[in-house]
Amino acid sequence: MTLLLLSSAAHLLAAETSQSPKQWIGRCEPVNAVVIMNQALSEGRTDAEAFAAVVEARSFDGSKACIDFMREASMNMREGYPKTFKSLWMD
């Protein structure tokens, strides 16, 4: 469910931008993504909005592998960033 949500959010953002995907997709930075998602979720944003913040910060390269790395990072950082862990693993 979460993987589908993240993938859908990435595709939605791609459709909403007038730039080519190469211009809006950044590097895969899973640790930074976890921090950004947790901050957004702590501000009351939805999972999709939190993931959009990760894309906006260019911490996602558009790959399924990056999503897996983000999930792994959230597992390792779950005590300090519980909202992201819950979002990526429990929802």
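Is serine 59 buried, partly exposed or exposed, and what is its relative accessible area? Serine 59 is buried, at a relative accessible area of 0%, where buried means under 20% relative accessible area, exposed over 50% and partly exposed in between (1.4 Å probe, protein chains only). The legends below describe a predicted model, in which local features need pLDDT of at least 70 and side-chain atom pairs count only at pLDDT 80 or more, while totals for chains, interfaces and linings use all residues. Residues are numbered from 1 along each chain as its sequence is written, and side-chain values use heavy atoms, with hydrogens and water left out.

**View 1. The protein chain as a whole.** The protein chain has six helices and zero strands, and its elements run α-α-α-α-α-α from the N terminus on; helices (H or I, at least four residues) and strands (E, at least two) are DSSP runs, numbered from the N terminus. Of the 91 residues in the protein chain, 35% are buried. Among contacts between residues at least 6 apart in sequence, 66% join residues at least 24 apart, a contact being heavy atoms within 4.5 Å.

**View 2. The loop between helix 4 and helix 5.** Serine 59 is found in this loop, and, not counting residues up to four places away in sequence, serine 59 touches Arg27, Cys28, Glu29, Asn32, Ala33, Ile36, Val54 and Cys66. Arginine 58 has its place in the loop between helix 4 and helix 5 as well, and is partly exposed, with a relative accessible area of 41%. Just after helix 4, arginine 58 takes a positive phi of about 60 degrees. Most residues other than glycine have a negative phi.

**View 3. The disulfide of cysteine 28 and cysteine 66.** A search of the whole structure finds one disulfide, the term being used for a pair of cysteine sulfur atoms within 2.5 Å. This disulfide joins cysteine 28 to cysteine 66, with an S to S distance of 2.3 Å, and the link is right-handed, with 100 degrees about the S-S bond. Because cysteine 28 lies in the loop between helix 2 (21–24) and helix 3 whereas cysteine 66 lies in helix 5, the pair ties together parts that are 38 residues apart in sequence. Cysteine 28 is partly exposed, with a relative accessible area of 25%, while cysteine 66 counts as buried at 0% relative accessibility.

**View 4. The largest nonpolar core.** A nonpolar core is a set of buried Ala, Val, Leu, Ile, Met, Phe, Trp, Tyr and Cys residues joined through side-chain atoms within 4.5 Å; the largest one here has 15 residues, and those with the most contacts inside it are Met37, Ala50, Phe51, Val54, Phe60 and Met70. Helix 3 (30–42), helix 4 (47–56) and helix 5 (64–76) are the elements that give two or more residues to this core. Leaving aside its neighbours within four places in sequence, methionine 37 is in contact with Ala50, Phe51, Val54, Met70, Thr84, Ser87 and Leu88. In helix 4, the buried residues are Asp47, Ala50, Phe51, Ala53, Val54 and Val55.

**View 5. The aromatic pair.** Rings of Phe, Tyr and Trp (its six-membered ring) pair if their centres lie within 6.5 Å, and planes under 30 degrees apart count as stacked, over 60 as edge-to-face and the rest as tilted; by this rule the count comes to one aromatic pair. The rings of phenylalanine 51 and phenylalanine 60 have centres 4.9 Å apart and planes at 70 degrees, so the pair is edge-to-face. Phenylalanine 51 counts as buried at 0% relative accessibility, and phenylalanine 60 is buried too, with a relative accessible area of 1%.

**View 6. The two faces of helix 5.** The buried residues of helix 5 are Cys66, Ile67, Met70, Ala73 and Ser74. These residues cover an arc of only 120 degrees around the axis, which puts them on the same side of helix 5; the arc is that of the directions from the helix axis to the C-beta atoms. On the face turned away from this buried side, helix 5 carries the exposed residues Lys64 and Asn76.

**View 7. Methionine 77 and its valine contacts.** Methionine 77 is found in the loop between helix 5 and helix 6 (82–90) and is buried, with a relative accessible area of 18%. Leaving aside neighbours within four places in sequence, methionine 77 is in contact with Val31, Val34 and Val35. Methionine 77 and valine 35 are 42 residues apart in sequence and 9.2 Å apart in space, C-alpha to C-alpha.
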